[in-house]
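Visitor: I would like to learn how to read aromatic pairs in a model. Please take me through one example.

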Amino acid sequence: MADRSPGPTRRAAATVGRGVRRVFHADGADRSGLSQLSYVTVANFACDAILAVALANTLFFSAATAESRSNVALYLLVTVAPFALIAPVIGPALDRLRSGRRLTVSLTFTLRAVLAVILALNFDSWLLYPLALGMLVLSKTFGVVKASITPHVLPPALDLVRTNSRLTVLGHVGGSLIAGALAGAVSWVWGSDAALWLLAAVALVTAYIAMTIPAHAEASLDEESATLRVDRGRPLVSGLKAVLTRPLGRQVLANLWAVSMVRFMTGFLTLFLAFVAKAQENATAVEQAGMLAIAGAAGGLGTFVGNAVGARLPLGRPGRITTTAAGAALSAAVVAAVLGNIWAATPLALVAAVSSALGKVALDASIQTDIPDSARSSAFGRSETALQLAWVAGGALGVLLPPDFTVGFGVIAIVGSLLFAQSLLTGRGSTLVPGLGGNRPRFPGAPRDPRAFGARLLGRMEE
């Protein structure tokens with residue numbers, strides 16, 4: 001009689017499967033819905049990594065070698081600039097979405113699968129630019145919606161700060177590293193277009209998993225919308241939409257300015273270093289790739305370390321952490337501007353990545369502490385939108401500036417100094433930007449009752 005016991009390969013696969021399940025379902029995540037969101041988050045990182053591998057050495061990146069200003073402008077137009085218009089629209093639009101967040105997440109992956117298939121079939125055509133842009137926009141859209149869903153699926157054993165760090169670490173390990181390596185192997189054996197078919201498969205499976213997130217991930221009836229601006233002196237009747245609107249408190253906004261400064265730097269480094277590497281005419285393709293790999297590895301390592309450390313830090317004073325992180329990144333940028341070479345770029349990428357991760361953890365802590373439950377989900381969505389926009393602004397500057405280390409690092413040191421000053425001034429009740437500074441309460445206050453607001457409004461109208 002044949003032995004039907006599982007072989008060593010099957011036993012190893014079962015062991016790995018149980019280990020993965022244990023990690024994703026730990027601390028009650030399977031009961032709260034966090035495990036499903038974790039799977040989807042890892043898949044989002046995976047899709048981004050697979051897309052990056054598939055587009056390596058294509059026209060999408062070869063535009064960086066073009067000396068023609070028109071080609072650089074085209075590259076900026078179709079890959080970076082639209083985010084500057086889309087980011088302010090995505091956040092508020094999704095913030096008003098009181099139901100259908102799970103469906104929105106599912107649609108972002110479904111549409112990515114469709115775009116990946118079309119791109120695989122038209123890999124060498126002009127469609128490369130708009131299709132790649134579409135997938136990048138969908139990825140950013142997921143980030144905003146995820147920030148709004150996360151507070152609703154927290155297990156009792158975890159808080160928002162640890163949860164967000166956990167999602168980021170899982171995403172980098174399971175998505176960026178493992179899926180990126182798999183995509184690299186697929187691309188090496190069958191070609192870059194084969195990696196896009198892998199992306200489509202991952203996206204379709206994830207679209208289904210997104211719909212298994214529990215229904216309580218949707219917005220509750222008493223949920224408020226958080227805003228970044230404060231409009232003073234507005235009459236009561238003209239402020240009807242303020243019924244469920246709450247400006248962010250002073251400390252949260254100060255932390256957001258600090259973290260946005262670091263995200264600005266990471267966005268700049270992502271595209272600027274690619275342009276600098278491509279501009280090295282005396283370097284071979286392998287040497288150019290090596291320059292990018294060193295800086296990219298430093299950034300990836302820094303992100304992982306920052307999240308791992310942030311999940312274990314005492315977060316009683318998040319403002320101190322965001323200020324320290326932003327100051328460290330700014331100091332690294334100043335040193336890099338003085339040195340002006342690739343050996344300065346690598347430490348800067350490492351410091352910026354660590355600072356970005358630590359700052360984001362501290363920002364999450366301040367939102368969790370200072371924002372009432374009813375507005376917390378919206379506050380996370382708005383802060384994520386602001387951080388995405390900061391990254392895009394840095395990336396746009398990285399495309400526009402000449403590929404010179406001294407010039408590039410000098411400019412971001414200057415811009416970073418202004419953003420850092422805005423953060424410090426906001427925390428002290430002042431501002432460089434009207435409406436987006438510290439002329440507001442330190443804390444946004446207790447939850448409001450819409451019915452009480454309606455009673456006050458009727459009384460004012462009767463007068």
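**Reading the aromatic pairs**

Guide: The protein chain has 17 helices and two strands, taken as DSSP runs numbered from the N terminus (helices H or I, at least four residues; strands E, at least two). This is a predicted model, in which local features need pLDDT of at least 70 and side-chain atom pairs count only at pLDDT 80 or more, while totals for chains, interfaces and linings use all residues. Residues are numbered from 1 along each chain as its sequence is written, and side-chain values use heavy atoms, without hydrogens and water.

Visitor: What describes a pair of aromatic rings?

Guide: The distance of the centres and the angle of the planes. Rings of Phe, Tyr and Trp (its six-membered ring) pair if their centres lie within 6.5 Å; planes under 30 degrees apart are stacked, over 60 edge-to-face, and the rest tilted. This rule gives six aromatic pairs. One of them joins F405 and F409, which are tilted, at 5.5 Å centre to centre and 35° between the planes.

Visitor: Where do F405 and F409 lie?

Guide: Both are in helix α16 (residues 405-427), four residues apart, about one turn of the helix. Together with F268 and F272, F405 and F409 form one aromatic cluster.

Visitor: Is F405 buried or exposed?

Guide: Buried means under 20% relative accessible area, exposed over 50%, and partly exposed in between (1.4 Å probe, protein chains only). F405 has 12% relative accessibility, so F405 counts as buried. F409 is also buried, at 0%. Across the protein chain, buried residues make up 50% of the 463 residues.
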